[in-house]
Amino acid sequence: MSLKLNVNLLRNPFIFWLVVGLLYYGILSYWNPTEALFFAFQFALMQGIIVAFNTKYLLKKLEYDSVKYKTLSILLLVIFSGLSMVIMALSINYLLPPRLSSQNQSVPILWIFFMNILALGVPLFISTFFHILRKEREYRMQIQDLEKLQNETELKFLKSQINPHFLFNALNNIYTISYTGDASAPEKILILSDMLRYVLYDCKSKKVLISRELEYVKSFIEFQQLKTEFPQNINFQIDEVNESIQIAPMIIIPFIENSFKHSKIDTDKNAWVSAFIKVDNDNLVFQIENTIPKVSPQNWLSSEGGIGLENVKKRLELLYSQKYTLKIVSNASTYYVNLTINLN
């Protein structure tokens, strides 16, 4: 409540600065009532203008910590201080009643200029200060809203990442290779079990080892390959990854699922998926590209299962705000994703 009253006072500063002006100009005018009252009104008006210009224009157009804002605010202060001195000189010489001889004491120009800088700079500084407080309060509220969103939906998002179609296809592939007597069937069952364990249990943590995330990716690609008798055109490269680094779970996997699903690589022999992962100085670099089949867009853009790329973007903003860049380029034949995250 106190903060709100102070902000409102700055929005309507005339009365407050009028009192200050009476004291300030009363001293400069040696308590000449007419002169003190005139300059007090001038003082209050100029301070009101400079505060209004600062809050209504400068701070709305520019960031308060930018070089441009600092330069313009200083320039504004100097201009108004010079204008105030000109008004004082013209008023004393041509407008106001002559001073008494006892009041005609010279005051150094630099001193008057400094006092004007101080007098006009104080409200300029205070208005900026309360603007910063308001922005910080808004930022804290946004963070609280994001944290609330995370608490309510994060686990739901992660669990829904288990695509039922992938699960059924994996089980069907295991059944097929076991029916044909393939000795790798028990191993595939263990891999699928580990994938489910990762999603249902490991992903409850806010961070997981990047090695676990990559294990899931490798297993996912392995099961994708089992869907066809012909070798799929898959290029997956991992380079210089420190496996002890931690990452938020299920950040890159939706992009990989998206590429396999939309490329139709299991039905189109000409389709391909190419992915690259590297961690350099705590910076994750993830790139993936896939072909786009020549079918009606609504057929391959429909989403079945998974948390969806829009929700992934929300999680990135929530977990790595201002620490990631995401570039998505789509054309008639390919779909490309470039994601970098500072994991520190």
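Colleague: Which strands does helix 8 lie across?
Modeller: Contact means heavy atoms within 4.5 Å. Helix 8 (residues 210–225) lies across strand 2, strand 4 and strand 5. Its direction is at about 165 degrees to strand 2. Angles run from 0 to 180 degrees between N-to-C directions, with axes fitted to C-alpha atoms, for helices over the stretch in contact. Helices (H or I, at least four residues) and strands (E, at least two) are DSSP runs, numbered from the N terminus. This is a predicted model: local features need pLDDT of at least 70, side-chain atom pairs pLDDT 80 or more, while totals for chains, interfaces and linings use all residues. Residues are numbered from 1 along each chain as its sequence is written, and side-chain values use heavy atoms, without hydrogens and water.

Colleague: What is the strand order of the open sheet?
Modeller: Strands of a sheet pair through backbone hydrogen bonds, either parallel or antiparallel. Pairing requires at least two DSSP bridges between two strands. Here five strands run in the order 2-4-5-7-6, with mixed pairing. Strand 2 (233–239) and strand 6 (324–330) are the edges, each pairing on one side only.

Colleague: How many bridges join strand 4 to strand 5?
Modeller: Eight, between antiparallel strands covering residues 272–280 and 283–291. Lys278 has Val285 in strand 5 as its bridge partner.

Colleague: At what angle do helix 7 and helix 8 pack?
Modeller: Under 35 degrees is roughly parallel, over 145 roughly antiparallel, 65 to 115 roughly perpendicular, and the rest oblique. Helix 7 (residues 185–200) packs on helix 8 at about 135 degrees, axes 10 Å apart. The two are therefore oblique to each other.
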